[in-house]
Structures are given as C-alpha cells and as structure tokens.
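Visitor: Hi, could you walk me through the charged pairs in this one? I may jump to another topic along the way.
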Amino acid sequence: MDRSLETRVSQAVDAWLKWLPRWQPSTHRGRTRLCRRCFGSPVMAAVGLDHDVPHAVQHGLSTRIKAIVDDVVDEYTARNLPLLQRELDAAEERKARSYRPDRGLEPEYDGLPVDPDPVPGEPYLFTLAGLAGEDEPAAADQPAPLTEEEKQALRTEIRLADECAIHAGKLVCLAIEPHRERILEAVALYVEPQIEALLADLTLELDSPPSW
C-alpha cells in the first residue's frame, strides 16, 4: 500500500479524534433522510462505527476519509483522463460564479443538507438550496455539445475514474482498520457517556410524570 495514503488516513483519524471531545448531542439536528455518505459505508464497518453510533460522529470521520479518496481520484484524473478533467474544470468554473451555501463547510457538516427538513403546513420564505439554484448559467456559458466520439471517450474515462475510486476506497479501508481500537476507545470515552446521560434523563422523565 502507498505509504503516503496510510499517512493521510492516519492524519484524518487524528483530526477526527481531536474534534470528537467537542461533540455534543444537543449541537446536531436530527435528520429524517439517510446520509448516503455514512449509511452502509465500508469505512464505518471497518472501524466498527456502522451501528449504535450517532450519525454526527460517523459523519465527521467518513467525510474526512472520503476527501482522501476524492483526492486520489482527482490526481488520477488530472494525470490520465484529459477529457473528463476538462469537463470537471468547466463545471467548477460555472459553479464558482454562483452562490454555493455549502462551500467551505467543516468536515463535520460537509455533504449534509444546508436547510432543515420542511415542516408540513409551515412553508419557508426561502431556502439556501433554493437561492443556490437561482444562478443558472447563461446560454452563452454552456459548453459546446460533444461529438459522438467524445461522448464515447468520456464514458470510458468516467468508468476508469469510478474504478479508481473503488480501488482507493478499498485501500483506505485497509489503511484505517489498524486505527479501529483507538477509534472505539475514543467513542467509549467521549460519546457513550453522553448517550447514557441522555437515556438516564429520559428514563427519569418517564418515571416521574408532571403533576397536574
């Protein structure tokens, strides 16, 4: 395995362990939708965080590891997939000219919805996601249509990029597994006591209903 990849995974785990003591249940809003980044993640399974762990705790680690995989794919694409790189650069240039509320988020919030779930009968005056979608590129900014040959080549390059991502994902799972013990120890130290305290408070409230 690439030693630099092992180092980057170790640094990502270190950064997550440094953040974990600051986590508090009350600072994270619950979500009704499953997080595609964390649910069923082989990375979470590799370190034993795939069950009985608050999503915010999972997300802070899975996002950092995903960034490593993304960097590997980006480096591979820049070196070997010129047509795909050209399309990605054009897309990023268009995005840079529009409002993006998710730009610059900390890893613990990256990839999460920027707006709370809607409440039936209580519509919002506006949403951040809606504001982000208002700046559509003008027709003059649209790229020229691809030829059939370019489309076929682009499909091939996308397939290669997907294969690179799958391979990188397997490598980071192998690289993070040795950190499993210290990850679980940190969860036991900083997360489980807070969950137990919440459960104790809930039990106390159920055992002592308010008097009327």
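This is a predicted model: local features need pLDDT of at least 70, side-chain atom pairs count only at pLDDT 80 or more; totals for chains, interfaces and linings use all residues.

Visitor: How many salt bridges turn up in the whole structure?
Guide: A search of the whole structure gives nine salt bridges, and one of them joins the side chains of R182 and D14, with N to O at 2.8 Å. That pair links distant parts of the chain, since R182 sits in helix α7 and D14 in helix α1 (residues 3–19), 168 residues apart.

Visitor: And where do K66 and D70 lie?
Guide: Both are in helix α3 (residues 55–80), four residues apart, which is about one turn of the helix, and their side chains meet in a salt bridge at 2.7 Å, N to O. K66 counts as partly exposed because its relative accessibility is 33%, and D70 is likewise partly exposed at 31%.

Visitor: What about E163, which residue does it form a salt bridge with?
Guide: E163 pairs with R159, the closest N and O atoms being 3.1 Å apart, and these two residues lie four apart in helix α6.

Visitor: Which residues are linked in a network?
Guide: R8, D71 and E75 are connected by a network of salt bridges.

Visitor: Changing topic: is H179 buried or exposed?
Guide: H179 counts as buried because its relative accessibility is 13%, which falls under the 20% cut-off.

Visitor: Where is H179 found, then?
Guide: H179 is in the loop between α6 (148–176) and α7 (180–190), and, leaving aside residues up to four places away in sequence, H179 touches V9, S10 and V13.

Conventions. Residues are numbered from 1 along each chain as its sequence is written. Side-chain values use heavy atoms; hydrogens and water are left out. Buried means under 20% relative accessible area, exposed over 50%, partly exposed in between (1.4 Å probe, protein chains only). Contact means heavy atoms within 4.5 Å. A salt bridge is a side-chain nitrogen of Lys or Arg within 4 Å of a carboxyl oxygen of Asp or Glu.
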